[in-house]
Amino acid sequence: MANEEDDPIIQEIDVFLARSLLEKLYLFQYPIRPASMTYDDVTHLSAKIKPKQQKVELEMAIDTLNPNYCRSKGEQIALNVDGTCTDETSTYSSKLMDKQTFCSSQAASNVSRYAAAVYKKGELHLTPLHGILQLRPSFTYLDKADAKHREREAANEGGDSSQDEAEDDVKQITVRFSRPETEQARQRRVQSYEFLQKRQAEEHWVHLHYYGLKDSRSEHERQYLFSQGHGLAENTELIKSPSEYLMMLMPPSVEEENDKPMAPSNVLSMAQLRTLPLADQIKILMKNVKVMPFANLMSLLGSGTDSTAVLRCVQQVALLVQGNWVVKSDVLYPKDTSSPHSGVPAEVLCRGRDFVMWKFTQDRWVVRKEVAAVTKLCPEDVKDFLEHMSVARINKGWEFMLPYDEDFVKKHPDIVQRQHMLWMGIQAKLEKVYNLLKEHLAPKKQEAQSAHPLLVSGEQRVSMAKAKAKQNYGQLEKEFQRQKAEMKSNDTSAKTDVPSIRIKEEPVGAEEPMDTSAFEGLNNGLVNGLHTAEGSPEPVNGHLPGGCIDRVAQELKAFVSSTFKKQFVLTLSELKRLFNLHLASLPPGHTLFSGISDKMLQDMVLDTGCKQILVPFPPQTAASPDELKVYALWEAGDTYDQHRQVLLEIFSRNYRVRRNVIQSQLSQECGEDLNKQEVDRVLKDCCVSYGGMWYLKGTVQS
C-alpha cells in the first residue's frame, strides 16, 4: 500500500468495446520461421476452415530462391512424395518442395477472457476473441511417400508370384452376424474416440480467400476493430458499477464439466483436491495410491481433519489388509467396464482381485501361478492385481508392499474386528465361486503351527506368556550348568566368576505379572496374516540393533539437513507433514519405516545446527502445540547467516514486524546499508507477508 503513494497516475485512457467482429475474430499463432524456410508473406496458396471444430489449414509458399533454402533436399522430398511422374494429383508440381501446409489446434478451450486491443488517438478499442489457434507444420506428405513406397514393394512382390502360389494362399474365413445393438453399447460407441474422429472427418472444409497485409480489403476489415460509435447507447456494457465492471474484466473461473479431472491422473493438485468433499478426496487418493497406511492418509488430507470421519469414509472405498488400507476392487473396476488386456467384464476382475487381497490377509507372500490357476484369468490381469499391492521378489514370489501397521491395529480394535467380519463374508463368496480346496484356505506348512485367529483372548495371552517364561528359564538353567562345569574343569574360583551369571528364579504362578513379549511377537507376525520378512531389523527389548540405529540416524539427519537448507524456518507440524510425504516416496522396507518418534525428530533438528525460536504468540492463538514449536537453521554457511540470525532475534521478541523496522534493525546490527534485493532475499528465506506485516513461516494465524 505504501508503494502506491509513490506511483501516481500519469494518464487515463478511454476503453471502448467493438462488436463488429464479435464471434468472428480468431488469433493465429504461427511457429517461429526457421532460417532455411523463409515464407513468402504475399503468397498464400490456399486456406480452408472447419467452423464447428475451429480447425484451419493453411498452405503457404516457400521462397525457394532464398540462399538458406537447400535445393537438393527440396528435390529429394518432392521425388519421394510424387515419384518421377507429374500429373494433377502431384503434391509438388514443380518437382521441388515449394510449399508448406500448416494445421491448427486450439490453444485454449475457454477464450472468454481474451480480446484483441487496438490503441489509437488516446483510445483503447477491445474486440473479444472467438478462438485462439496454434498453427503447426503438417507432415502428411511423408505419409503419402510411405504409401507409395509400400505400393511399389507390393507390386514388385506380386510380379514374382505365380498362379500356383496364389492358389496356395487361399485361407479360410469366418462369417459372423452382428447382434442387435443395445442402448448401453450405442452410448459407448458414440463416446468412443473412433466415432468422434469419424464425425470430425465428415465435416466439410470451407475454402477461404486470403488477403495480404497491404490489400485494400484487409485495411477495410481492420476498421471493424474500432468501435463504430462512441455514444453511451452503443456501450451499455460499460455502464456498470466498479465491482460489476471488474467482474466483467476478470470473471470467476468456471470450468466445463468435460474439462474437470475425474481423478488425480488428470493432474489434480492438492489445493484442488482439498476443495472436494472429504469422501471424494479419500476416494481419489485411494484410487491412485491403491495401498496406504492410515497415518499417511491423514497427513495428505491436511491438519484439522477429523479422524473419525476419515475412518467412516475410508471403509466405503477400501479394505484393511495387514493393518493398511487397500482400495476396493469395484472402485478400480466400475460396473459396465472391462479389462484392457482380455476384455473380461468388471465383475470377474473384481472377484479375481478380491481373491488376491484375501490371500494377503492370510500370508505375506503370494505366488502368481497359484492365483492364475484359481482365478483362470490371463497373466496380464493377474500381474495388474499383484502390482497394485505387492512387490515381486526373485525366487520368492510377490510380497505385500507395506509393513504391518501395528499402531493402527492397537488403536482401532473395533475397526479391525469389523474388517475381519467383512473378510469372512468375502471368503465365503470366494469359496463358492472358485470351489476353493483346503490347501487354498490353509496357510503354508511352515506357518501352520503358528497360525492363530486375528483376535487373541486374554487367557491365550497368559498361557503364551507362561510357556515363554518356562522355556527361557530352562534354557538359562542349562546354560548356567554348562558354564559352571567349564569353570570347575579350569580350576577357576566360583566366588569370582559365578556372580557374573545370575538367573532370575521367580515363580511363574497365576499371580505373576504377564510377560507380553511373546504375544507382541505373535501379534507382529500373525495378525491379519503378516509374517516378518527375512533380513528385516527386529527390535531387541524394544530397541533396534546398534547398526540399524546408526543407519536410521544417518537417513533422518540427511532428511532434516536437506529440508532446512531449502526452507530455513519450519514449525514442528510442517516438518512432520514433510516427513510423512518423504516416507510415502520411499520404497517398502526402508530403514526410516522402523518408527521415528516426535522426540527423535526434534533432537535431530537440534543436532543439525538448528535452534528453536521462542516466538511470542498472541494469548488467544488457536494454534496446536506442534504449530507453536518453531525451528530455524542458525548457520547455513553463506553470506546471509548474520542477517538471518538478526532477523530471528527480532522474531524471538515480536510476533509480527513491519518491513521498515526489520530493515533498520538489519542495517544497525550488520553495520552496513543493505539494498532492497538483499533484504528481500533474507525475508524470502525466513518470513511471509500478510496484511502489510511480516511473520515467520508457519506462524500466521488467519
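**Helices, contacts and exposure in a predicted model**

Me: In which helix does N288 lie?

Reply: N288 lies in helix α10. Helices here are DSSP runs of H or I with at least four residues, and strands are runs of E with at least two, both numbered from the N terminus. The structure is a predicted model, in which local features need pLDDT of at least 70 and side-chain atom pairs count only at pLDDT 80 or more, while totals for chains, interfaces and linings use all residues. Residues are numbered from 1 along each chain as its sequence is written, and side-chain values use heavy atoms, with hydrogens and water left out.

Me: What makes N288 count as partly exposed?

Reply: Its relative accessibility is 32%. Buried means under 20% relative accessible area and exposed means over 50%, with partly exposed in between (1.4 Å probe, protein chains only). The value of 32% lies between those limits, so N288 counts as partly exposed.

Me: Is Q645 buried or exposed, and how do you know?

Reply: Q645, found in helix α28 (residues 641-651), has a relative accessible area of 19% and is therefore buried. Leaving aside neighbours within four places in sequence, Q645 is in contact (heavy atoms within 4.5 Å) with W634 and E635.

Me: Why is K376 called exposed?

Reply: K376 has 66% relative accessibility, which is why it counts as exposed. Its place is in the loop between α15 (368-375) and α16 (379-389).

Me: What is stated about the phi of K376?

Reply: Phi of K376 is near 60°, a positive value in a residue other than glycine. Most residues other than glycine have a negative phi. K290, also not a glycine, has a positive phi of about 75° and lies in the loop between α10 (278-289) and β10 (291-292).

Me: Why are α10 and α11 called oblique to each other?

Reply: Helix α10 and helix α11 (residues 294-301) pack at an angle of about 125°, with their axes 11 Å apart. The axes are lines fitted to C-alpha atoms, for helices over the stretch in contact, and angles run from 0 to 180 degrees between N-to-C directions. Angles under 35 degrees count as roughly parallel, over 145 as roughly antiparallel, 65 to 115 as roughly perpendicular and the rest as oblique. An angle of about 125° falls among the rest, and α10 and α11 are therefore oblique.

Me: Which residues make that contact?

Reply: L278, Q281, I282 and L285 of α10 meet L297, L300 and L301 of α11. They divide into six nonpolar, one polar and no charged. Nonpolar covers Ala, Val, Leu, Ile, Met, Phe, Trp, Tyr, Cys and Pro; charged covers Asp, Glu, Lys and Arg; the others, Gly among them, are polar.

Me: What makes α14 and α18 oblique?

Reply: The axes of α14 (residues 346-362) and α18 (residues 413-434) come within 10 Å and cross at roughly 125°. The two helices are therefore oblique to each other. The contact is made by R351, G352, D354, F355, M357, W358 and T361 of α14 and W423, I426, Q427, L430, V433 and Y434 of α18. These residues divide into eight nonpolar, three polar and two charged.

Me: What is the secondary structure of the protein as a whole?

Reply: The secondary structure comes to 30 helices and 20 strands. Of the 702 residues, 32% count as buried.
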